[in-house]
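Morning, everyone. Please have a look at the model on the screen, and then I'll walk you through it.

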Amino acid sequence: MQALLDSLLSLEGVAVVLALAYLLLAARESLWCWLCALISSAIYMWLMWEAKLYMETVLNFFYVVMAVLGWWQWKPTAVGKPQRAIVSMRWSQHAICIGVTLALTLVNGWLIQRFTDAAWPFVDSFISWGCVVTTVLVVRKVLENWLYWIVLDGLAVVVYLDRELYLTALLFAGYVVIVVFGYFKWRREYLAAASPRMSGIQP
């Protein structure tokens, strides 16, 4: 029990709690979710650097920037602005996204393997570039973003266990469960919105 308490009071514990708070507040569309995301990502920048996961250090810097942009975009009240609709991409578009991610992974993985002491250079690169691409899909409200997250978060669990970031591994295992529910929730909404269009009835 004391070991669990010590873990929760550690920097990693604070980052995990704030990451969970971000998800809960984002689900409620609370502006404060972005503050939680910013602090959590800033802590993870340090943790990933210490764990020699350099690409994930850069990724968390990207999340810090996105948190600032998210705060700025959510702060004004967009009166009368319609909610962005969920969309689905064609297989060819997914092929491009996956191809770009793999190409960046190979180049980036080779570079950090050659010039740094990074752990898991290619897997780290794949997770990091995959998260960047998938974050863009989230912003565009692409339905299949959830399927990307299942793969990325699942791989992240393995890496974090290897680097002894046990709380973070547990957090991402929870993310895998959450994104499965997220996919089916978005899919229901997408199909419900698409039904009137397919039947020729104007919504």
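This is a predicted model: local features need pLDDT of at least 70, side-chain atom pairs count only at pLDDT 80 or more; totals for chains, interfaces and linings use all residues.

Let's start with helix α5, residues 91–115. It has 25 residues. From first C-alpha to last, α5 reaches 36 Å, close to the 36 Å expected at 1.5 Å a residue.

Which residues of α5 are buried? They are His94, Cys97, Thr101, Thr105, Asn108, Gly109 and Ile112. Look at the numbering as you read that list. An α-helix has 3.6 residues a turn, so residues three or four places apart point the same way.

Now the cores. The largest nonpolar core has 31 residues. Among those with the most contacts inside it are Tyr44, Met48, Leu53 and Tyr160. Which elements give two or more residues to this core? They are α2, α3, α6, α7 and α8. The most comes from α8, with eight residues.

Zoom in on Met48. Leave aside its neighbours within four places in sequence. Met48 is then in contact with Leu53, Glu56, Thr57, Asn60, Tyr160 and Leu165.

There is also a second, separate core of six residues. It includes Cys97, Val133, Leu137 and Val142.

Last stop, the surface. Val107, Trp110, Leu111 and Phe115 make a nonpolar patch of about 430 Å². Phe115 lies in helix α5. Is Phe115 buried or exposed? Exposed, because its relative accessibility is 58%, and the cut-off for exposed is over 50%.

That's my tour. Over to you.

Technical notes: Residues are numbered from 1 along each chain as its sequence is written. Side-chain values use heavy atoms; hydrogens and water are left out. Helices (H or I, at least four residues) and strands (E, at least two) are DSSP runs, numbered from the N terminus. The expected span of a helix is 1.5 Å times one less than its number of residues. Buried means under 20% relative accessible area, exposed over 50%, partly exposed in between (1.4 Å probe, protein chains only). A nonpolar core is a set of buried Ala, Val, Leu, Ile, Met, Phe, Trp, Tyr and Cys residues joined through side-chain atoms within 4.5 Å. Contact means heavy atoms within 4.5 Å. Patches are made of residues with over 30% relative accessible area and no salt bridge: like charges are joined within 9 Å, nonpolar side chains (Val, Leu, Ile, Met, Phe, Trp, Tyr) within 5 Å. Accessible areas come from the Shrake-Rupley method with a 1.4 Å probe; for residues, only the protein chains shown count as cover. A salt bridge is a side-chain nitrogen of Lys or Arg within 4 Å of a carboxyl oxygen of Asp or Glu.
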